[in-house]
Amino acid sequence: MFVTRRALVALFAIAFCVCLVFIATVQPFGVSAALGTGAINIFLSPSPTASNESETENETSDSQDTKPKEEKVIDLALSSPQPSSTLYPHGKGPPSPDAAPKIEVEHKIPDSFLHLKKTKDILNFVRKQCEKYNMTTAKPGEAKKPRLLLVPKNWREHMMVYASNPKTGSTSYKKWLHRIQGDTRPYANITNVHVMGKYGRFGEVYDWVEEDLGRSAQLIDAVKPLYKVVAVRNPLTKLMSGFRDKVLRRTKDGIKPPMQVINPNLNINSTDAEKYAAFTESVVTGKYTNLHFTPQYAKMKICDFPYDMIMQTETTNQQIKEVQEHTHTEEFEFPGSRSEQGYDSVATVHLAHEFYSKVRPDLMEKVYHYFRWDFILMGYTKLDSPNFPYLDFNQDIDKEFGDLVK
C-alpha cells in the first residue's frame with residue numbers, strides 16, 4: 001500500500017508537469033490558465049471566429065500605426081520631382097491634392113561643385129567675349145553704372161559694393177547686408193529688404209574718395225577701392241523664376257490678371273506650362289515689359305563695369321565664401337537661398353524642361369535671340385546642353401549662337 005501511494009504521488013507529479021507544459025504550449029493560441037491553490041482551471045476562447053476577427057483587427061490597427069501614409073516631400077533646392085502647380089504661392093502650405101503624380105525625373109540638375117568656375121576664369125572669359133563681339137562701350141579709364149549699386153552702412157569696414165540683379169538671389173544678398181550692418185534678427189524676420197534707404201549712402205563713397213584724391217571723382221574712381229560683386233543667372237531659369245514669382249501667383253480664380261492680359265484664352269484649367277508659353281511670347285515680342293525679364297548684360301553693364309566677382313546663382317553657395325574672405329565678413333553667415341527655405345519660385349531643371357516643352361520651336365529661337373548676349377558674353381548653356389543650366393566655357397559659342405548675332 002505504501003508503494004502504491006508513492007507511485008500515485010509520482011504519477012500526480014508527472015501529470016502536473018504535463019499540464020504545465022500543455023498550458024505553456026497552447027496559451028498563445030487562445031487558452032487562458034489560472035492556477036489556484038491545489039487546482040488548475042483552463043478557459044478556452046469563446047469561439048475560433050471571435051479570436052480570428054480580433055487578430056485581424058489588431059493587425060490592421062498595427063499596420064496603420066507603424067506604416068503611416070508617406071507624404072510626398074519636395075526639396076526645391078534639388079532637382080526633385082515637382083508638381084507643375086502648387087496650392088499656395090511660394091510653397092507656404094501643403095501641396096495641392098490635385099498635384100501631379102510622382103514621376104521619374106529625366107532631367108536632373110548636375111552637382112554644382114562640378115561646374116564651379118574660378119573667379120579669374122570667369123572674368124577673363126567675359127572680358128574676351130566683350131572684346132570679341134565689340135560689346136564694350138565704356139571708354140578706357142571709365143565705367144558705366146549698373147542699374148543699382150548697394151553698400152552696407154558700415155562700408156568702410158568691409159569695402160564692398162553689390163550690384164543688385166533681380167531674380168539672382170538678391171533677396172538673400174540684401175538680407176546678408178542687413179546682418180553685416182548689425183541686424184541680429186533671424187533671417188526669416190528681416191523683411192522689406194528692397195527698400196533702398198535701409199543701406200549705406202553711395203554718395204558717401206564719392207565724398208571719401210574725392211577727399212583722398214583732392215578732386216572730383218568719377219564712378220571708376222569711387223568703386224576702385226571697393227570689392228565689386230554681381231550675381232547672374234542662366235537666362236532660361238531666370239525668366240521662369242520671374243514668371244513664377246511675379247506673374248503666376250495663385251488667386252482664388254486660379255489665374256492672375258496679367259496672364260489674362262497676355263492671353264485672354266487662358267483660364268483656371270490651363271496648365272502652368274501653357275501659361276508660361278504665352279508669357280514667354282509676350283516677353284520676347286515686347287508685349288509684356290518688366291525689369292525682371294530683360295537681358296542681364298545690359299542693365300548690369302557686364303562689359304562696362306570692373307567687377308571683381310561675377311557670381312552665378314547656380315553656384316552662389318560656393319562663391320560667396322570667396323566674397324566673405326575679401327570683405328572680412330566670414331563671421332556673418334550667408335542666408336540660405338529662397339529654394340532652401342521652401343519657396344516654389346526656384347526654377348529647377350525638371351521644371352525648365354516641363355515649361356519649355358510648351359514653347360514652340362520658332363518661339364524658342366526668339367527666346368535665345370532675345371537673351372543671346374547673356375549666353376554669349378557669360379558662357380551660359382542652352383536647354384539641351386548636358387551642362388544646363390551652368391556655365392560652359394568649352395562649348396562652341398559660334399556654333400550654338402552664331403546665327404543669332406548675324
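This is a predicted model: local features need pLDDT of at least 70, side-chain atom pairs count only at pLDDT 80 or more; totals for chains, interfaces and linings use all residues.

Biologist: Which cysteines form the disulfide, and how far apart are their sulfur atoms?

Modeller: The disulfide is formed by Cys130 and Cys303, with 1.9 Å between the sulfur atoms. The link is left-handed, with -80° about the S-S bond. It connects distant parts of the chain: Cys130 belongs to helix α3 (residues 119-132), whereas Cys303 is in the loop between α11 (296-299) and β6, and the two are 173 residues apart.

Biologist: Is Cys130 buried or exposed? And what about Cys303?

Modeller: Cys130 has a relative accessible area of 3%, so it is buried. Cys303 has a relative accessibility of 14% and also counts as buried, because the cut-off for buried is under 20%.

Biologist: Let us turn to the whole protein. How many helices and strands does it have?

Modeller: There are 16 helices and six strands. The protein has 406 residues, and 44% of them count as buried. Of the contacts between residues at least 6 apart in sequence, 69% join residues at least 24 apart.

Biologist: What is the order of the strands in the open sheet?

Modeller: The order is β3-β4-β5-β6, an open sheet of four strands with mixed pairing. The edges are β3 (149-150) and β6 (309-312); each has a single partner strand, so one side of each is left without a neighbour in the sheet.

Biologist: How many bridges join β5 to β6?

Modeller: Four bridges join them, and the two strands run parallel; β5 covers residues 227-232. Val229 has Met309 of β6 as its bridge partner, and Val232 has Gln312.

Biologist: Which way do the residues of β6 point?

Modeller: Met309 and Met311 point one way from β6, while Ile310 and Gln312 point the other way; all are buried.

Biologist: Which helix lies across the sheet strands?

Modeller: Helix α5 (residues 170-180) lies across β3, β4 (160-163), β5 and β6. Its direction is at about 155° to that of β4.

Biologist: Back to α3 for a moment. What does Thr119 touch?

Modeller: Thr119, which lies in helix α3, touches Asp308, Met309 and Glu322, leaving aside residues up to four places away in sequence. The C-alpha atoms of Thr119 and Ile310 are 7.3 Å apart, although the two residues are 191 apart in sequence. Thr119 has a relative accessibility of 12%, so it counts as buried.

Biologist: Now α8. How many of its residues are buried?

Modeller: In α8, 12 of the 13 residues are buried, so the helix is largely enclosed by the rest of the structure. Among the buried residues are Leu236, Leu239, Met240 and Phe243, and also Lys238, Arg244 and Asp245.

Biologist: What do those buried residues pack against?

Modeller: The buried residues of α8 pack against α9 (257-262), α10 (272-284), α11, α13 (349-356), α14 (361-370) and α15 (372-378).

Biologist: Which residue caps the N-terminal end of α8?

Modeller: Asn234 is the cap: one of its side-chain oxygens lies 3.0 Å from the backbone nitrogen of Leu236.

Biologist: One last topic, the backbone. Where is there a cis peptide bond?

Modeller: The cis peptide bond joins Phe388 and Pro389, with omega about 10°. Pro389 is in the loop between α15 and α16 (397-401). As background, most peptide bonds are trans, and most residues other than glycine have a negative phi.

Definitions and conventions
Residues are numbered from 1 along each chain as its sequence is written. Side-chain values use heavy atoms; hydrogens and water are left out. Two strands pair if DSSP finds at least two bridges between them. Contact means heavy atoms within 4.5 Å. Axes are lines fitted to C-alpha atoms, for helices over the stretch in contact, and angles run from 0 to 180 degrees between N-to-C directions. A disulfide is a pair of cysteine sulfur atoms within 2.5 Å. Buried means under 20% relative accessible area, exposed over 50%, partly exposed in between (1.4 Å probe, protein chains only). A polar contact is a pair of N or O atoms within 3.5 Å; within protein, one must be able to donate a hydrogen and the other to accept it, and residues adjacent in sequence count only if both atoms are side-chain atoms.
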